[in-house]
Amino acid sequence: MKKHIYNLKKTYRDVIEMREIKRMSYQDIANQLGKNLSTIKSQIRNGRAILIKETFDEFKDIDELYL
């Protein structure tokens with residue numbers, strides 16, 4: 001999964017890493033990056049959507065091995 005995170009556009013990679021790996025709060029991320037809280041929430045949502053789309057087929061293939 002980290003491979004996919006590091007392939008994200010920097011805007012999404014930074015906020016996803018802060019939220020999902022470092023487990024920072026949305027507000028702490030906003031404060032550290034000097035951005036609006038709603039902007040951070042949108043970037044995290046969009047980054048997660050990209051990760052889901054990029055990893056769906058990979059995990060689907062794994063699931064099919066065990067069926």
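This is a predicted model: local features need pLDDT of at least 70, side-chain atom pairs count only at pLDDT 80 or more; totals for chains, interfaces and linings use all residues.
Residues are numbered from 1 along each chain as its sequence is written, and side-chain values use heavy atoms, with hydrogens and water left out.

Start with the charged pairs. A salt bridge here is a side-chain nitrogen of Lys or Arg within 4 Å of a carboxyl oxygen of Asp or Glu. Searching the whole structure turns up 3 salt bridges.

Glu-20 takes part in two of the pairings described here. One partner is Arg-48, with the closest N and O atoms 2.5 Å apart. This pair links distant parts of the chain: Glu-20 sits in helix α2, Arg-48 sits in helix α4, and 28 residues separate them. Arg-48 is partly exposed, at a relative accessible area of 31%.

The other partner of Glu-20 is Arg-23. Their closest N and O atoms are 3.4 Å apart. Arg-23 is exposed, and its relative accessible area is 58%.

Now move to Lys-10 and Asp-14. Their side chains meet in a salt bridge, 2.7 Å from N to O. Both residues belong to helix α2 (residues 10–21). They are 4 residues apart there, so about one helical turn separates them. Lys-10 is partly exposed, with a relative accessible area of 49%. Asp-14 is partly exposed as well, with a value of 22%.

Finish in helix α4, which spans residues 37–65 and contains Gln-43. Gln-43 counts as buried because its relative accessibility is 10%. Which residues does Gln-43 touch, not counting those up to four places away in sequence? They are Thr-11, Tyr-12, Val-15 and Lys-35. Contact here means heavy atoms within 4.5 Å.

Conventions:
Helices (H or I, at least four residues) and strands (E, at least two) are DSSP runs, numbered from the N terminus. Buried means under 20% relative accessible area, exposed over 50%, partly exposed in between (1.4 Å probe, protein chains only).
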